Amino acid sequence: MGIEVVVENLSKSFGSQNIWRNVSLTLPAGEVSALLGPSGTGKSVFLKALIGLLRPERGSIWIDGTDIMTCTPKELYEIRKMFGVLFQDGALFGSMDLYDNVAFPLREHTKKSEAEIRRIVMEKLELVGLQGADGKLPGEISGGMRKRAGLARALVLDPQIILVDEPDSGLDPVRTTYISQLFLDINAQIDATFLIVTHNINLARTVPDNIGMLFRRELTMFGPREVLLTSEEPVVEQFLNGRMIGPIGMSEEKDEAQMAHEQALADAGHHAGGVDNIEGIVPQLQATPGMPFRQAVRRRQERVRTILPSLPARAQAAILADDAFAQL
Ligand SMILES: Nc1ncnc2c1ncn2[C@@H]1O[C@H](COP(=O)(O)OP(=O)(O)OP(=O)(O)O)[C@@H](O)[C@H]1O
């Protein structure tokens with residue numbers, strides 16, 4: 001099973017620019033979580049902080065009983081081996097074919113024989129649907145294939161925590177759904193903890209078990225998907241519907257005057273953007289039939305049941321009305 005990640009009161013600045021402050025959240029073990037937020041709110045910075053690539057000034061990041069904010073470099077090195085990271089462009093080496101790219105972490109970090117490496121590389125390439133493409137160079141394949149190759153590479157050391165930075169960037173909506181399905185199928189197979197950073201509304205609505213949102217240098221919310229998807233918090237509603245009306249502006253924040261001006265335009269019939277105004281919850285994607293049952297589903301339902309009374313009324317009603325929830 002994947003590993004729980006507990007973040008407590010984390011704050012990060014670059015010089016005088018505060019990126020976010022007092023961020024606290026728990027990524028439940030083996031569940032898929034997504035972190036949303038307008039551009040520039042520090043989502044990628046947060047991912048980098050989780051693997052110790054960037055150092056926040058304050059707070060704790062507990063991974064498997066170790067606070068990586070205070071641990072030794074040797075401990076951090078060991079903790080990092082638990083992570084698989086999929087960067088936006090796959091971060092492949094352009095001069096190596098897919099086989100050597102995927103084999104790279106195994107050759108760097110293990111003493112496995114080339115025969116063993118071949119078995120693992122071929123298995124992971126097949127897992128992401130790239131069998132037969134092992135001899136291709138990254139420049140010879142599509143963006144979607146590059147992402148899948150990056151995912152295969154992120155999986156070779158059998159990570160227990162998988163971080164994904166904007167999997168939809170540069171992908172069409174169909175390929176975005178395919179890679180989203182792949183995340184859930186991989187989660188069903190290896191039960192790793194996932195954190196996906198995205199601003200893709202479809203992905204946010206249909207993939208994660210839990211959703212968080214960064215805005216105005218704070219974590220506005222983090223919780224079970226039902227909480228965010230039924231939230232009346234203006235910034236969450238605006239973001240999930242991709243509308244101009246709301247607190248998020250072109251340069252992230254708006255003043256009162258601009259909000260009033262935009263509301264007046266909308267009231268006069270101007271289209272505020274967003275193709276739909278979805279109320280409530282759309283069903284979550286499931287693992288593909290034939291895959292193992294996703295253990296995270298059962299664990300999450302047990303967890304949500306115990307916190308149910310503390311959730312907002314709309315979230316409680318949505319959870320109680322969910323047939324899938326009642327079946328387990
Ligand atoms: N190494 C760095 N040094 C200084 N500033 C940085 C560094 N890395 C990121 N930043 C700043 O931190 C802020 C947040 O950046 P980040 O890339 O995390 O945002 P994001 O929410 O992931 O945005 P997007 O959705 O557009 O990718 C930006 O203002 C960026 O310029």
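In this predicted model, helix α3 (residues 98-109) packs against helix α4 (residues 114-127) at an angle of about 120 degrees. The axes of α3 and α4 lie 10 Å apart. Helix α3 also meets α5, where the axes come within 7 Å.

**Helix α3 with helix α4**

- The crossing in which α3 passes α4 is right-handed.
- On the α3 side, the residues that meet α4 are Leu98, Tyr99, Val102, Ala103, Leu106 and Arg107.
- Their counterparts in α4 are Ile117, Ile120, Val121, Lys124 and Leu125.
- Sorted by class, this contact of α3 with α4 comprises 9 nonpolar and 2 charged residues, with no polar ones.

**Helix α3 with helix α5**

- The axes of α3 and α5 cross at roughly 30 degrees.
- Angles under 35 degrees count as roughly parallel, and α3 and α5 are therefore roughly parallel to each other.
- This crossing, too, is described by its hand: α3 and α5 cross in a right-handed manner.
- From α3, the contact draws on Leu98, Asn101, Val102, Phe104 and Pro105, while α5 contributes Ala149, Ala152 and Arg153.
- The contact of α3 with α5 holds 6 nonpolar residues, 1 polar residue and 1 charged residue.

**The sheet and the helices packed on it**

- An open sheet is formed by 6 strands in the order β6-β7-β8-β3-β9-β10, with mixed pairing.
- At its edges are β6 (83-86) and β10 (218-224), each of which pairs on one side only.
- From one strand to the next, the twist averages 15 degrees.
- Strands β3 (residues 32-36) and β8 (residues 193-197) run parallel and are joined by 4 bridges.
- Serine 33 has leucine 195 in β8 as its bridge partner.
- Helix α1 (residues 43-50) packs on the sheet and touches β3, β7 (161-165), β8 and β9 (210-215). The direction of α1 makes about 155 degrees with that of β7.
- Helix α5 (residues 143-155) likewise packs on the sheet, touching β6 and β7. The direction of α5 makes about 170 degrees with that of β6.

**Leucine 53**

- Leucine 53 belongs to the loop between α1 and β4 (58-63).
- A residue counts as exposed if 12 or fewer other C-beta atoms lie within 10 Å of its own; leucine 53 has 11 and is therefore exposed.
- Leucine 53 and isoleucine 3 are 50 residues apart along the chain, and their C-alpha atoms are separated by 19 Å.

Key. Residues are numbered from 1 along each chain as its sequence is written. This is a predicted model: local features need pLDDT of at least 70, side-chain atom pairs count only at pLDDT 80 or more; totals for chains, interfaces and linings use all residues. Two strands pair if DSSP finds at least two bridges between them. Helices (H or I, at least four residues) and strands (E, at least two) are DSSP runs, numbered from the N terminus. Axes are lines fitted to C-alpha atoms, for helices over the stretch in contact, and angles run from 0 to 180 degrees between N-to-C directions. Two residues are in contact if their C-beta atoms, placed from the backbone, lie within 7 Å. A crossing is left-handed if the near helix is turned anticlockwise from the far one by less than a right angle, and right-handed if clockwise. Ala, Val, Leu, Ile, Met, Phe, Trp, Tyr, Cys and Pro count as nonpolar, Asp, Glu, Lys and Arg as charged, and the others, Gly among them, as polar. A residue is buried if 20 or more other C-beta atoms lie within 10 Å of its own, exposed if 12 or fewer, and partly exposed in between; C-beta atoms are placed from the backbone. Angles under 35 degrees count as roughly parallel, over 145 as roughly antiparallel, 65 to 115 as roughly perpendicular and the rest as oblique.
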